[in-house]
Amino acid sequence: SQNEVWQGLFIERNKVKQIRGMCRTLADEKLSLKVFKKTVVHAVQALSEGGIPSEVGEALGESKVAMNAFLGNCIILQTAVRQNLEEKKFSKDVNLMMPKEFATVLTAAYKNRREMLRDSFSGPSPSLDLPSLQSMRWRVDVTISTTSLSRVFRPTVILSLTLSNGDIRTFEVSIEKFNELRYNVAKLLKLTLDLEKHPMLVRDL
């Protein structure tokens with residue numbers, strides 16, 4: 001039976017349900033091979049760098065099927081690397097999970113990136129020694145007189161950021177740009193919350 005087949009694969013029991021769901025969408029042709037290849041590339045990048053670039057997360061977030069494929073590929077590759085799985089066993093199991101054309105793409109990625117992923121897992125977690133935001137002050141200015149008529153009586157937002165290293169950065173943005181900033185921050189926060197709630201999210205990605 002299918003249950004017995006999946007029990008013999010290298011996927012951990014608590015992840016089998018999620019991976020089966022992802023593979024079912026591939027069998028039902030709900031995701032093109034071209035998009036699947038992109039999710040594999042993004043999965044390798046996320047696992048090797050320890051995070052998902054914002055533009056990648058935003059693009060994947062627009063398609064639930066693509067996001068499921070990305071997270072599923074992360075689980076499959078991460079599990080295989082940590083078990084030090086032989087390529088032959090990986091290929092055999094993946095071909096039992098999903099259609100051959102998709103399995104071929106994932107197997108090639110494992111073969112070519114296996115050592116790199118193993119090194120990234122065995123080394124210390126990547127971190128950037130960047131200053132954090134300590135405080136922020138803001139005010140709204142309205143220009144009464146200027147040589148540019150388009151700026152008269154148009155409000156602008158002045159932001160002053162104090163960083164943990166003592167630096168103070170001050171800059172001016174228009175109302176339109178400030179609203180765009182608010183929108184993008186809210187969008188990224190929502191995407192982050194959606195990822196944290198996703199049942200297929202790899203906790204130690």
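Me: Which residue in E2 is the bridge partner of Trp138?
Reply: Leu159 is the bridge partner of Trp138. Strands E1 and E2 run antiparallel and are joined by 9 bridges. Two strands pair if DSSP finds at least two bridges between them.

Me: Is this model predicted or what, and how is it numbered?
Reply: This is a predicted model, where local features need pLDDT of at least 70, side-chain atom pairs count only at pLDDT 80 or more, and totals for chains, interfaces and linings use all residues. Residues are numbered from 1 along each chain as its sequence is written, and side-chain values use heavy atoms, with hydrogens and water left out.

Me: What pLDDT does the protein chain average?
Reply: The average is 82, and 80% of the residues score at least 70. The pLDDT is the predictor's confidence in each residue, from 0 to 100.

Me: Where is confidence lowest, and where highest?
Reply: Helix H4 (residues 54-61) is lowest, with a mean of 68. Helix H6 (residues 87-97) is highest, at 93.

Me: How many helices and strands are there?
Reply: The protein chain has 8 helices and 3 strands. These are DSSP runs numbered from the N terminus: helices (H or I) have at least four residues, strands (E) at least two. The pattern along the sequence is α-α-α-α-α-α-α-β-β-β-α.

Me: What sits between E2 and E3?
Reply: Their hairpin has 4 residues between the strands. There, Gly166 takes a positive phi near 95 degrees.

Me: Is E2 mostly covered or uncovered?
Reply: Mostly covered: 7 of its 9 residues are buried. Buried means under 20% relative accessible area, exposed over 50%, and partly exposed in between (1.4 Å probe, protein chains only). Of the 205 residues of the protein chain, 33% count as buried.

Me: New topic. How many salt bridges?
Reply: The count comes to 7 salt bridges. Each is a side-chain nitrogen of Lys or Arg within 4 Å of a carboxyl oxygen of Asp or Glu.

Me: Which residue does Lys89 pair with?
Reply: Lys89 forms a salt bridge with Asp93, and their closest N and O atoms are 3.1 Å apart. They are 4 residues apart in helix H6, so about one helical turn separates them.

Me: Which residues make the nonpolar surface patch?
Reply: Leu133, Met136, Trp138, Val140, Val142, Ile144 and Phe153 make a patch of about 800 Å². Patch residues have over 30% relative accessible area and no salt bridge; like charges are joined within 9 Å, nonpolar side chains (Val, Leu, Ile, Met, Phe, Trp, Tyr) within 5 Å.

Me: Where is Ile144?
Reply: Ile144 is in the loop between strand E1 (133-142) and strand E2 (155-163). Ile144 is exposed, with a relative accessible area of 62%.

Technical notes. Accessible areas come from the Shrake-Rupley method with a 1.4 Å probe; for residues, only the protein chains shown count as cover.
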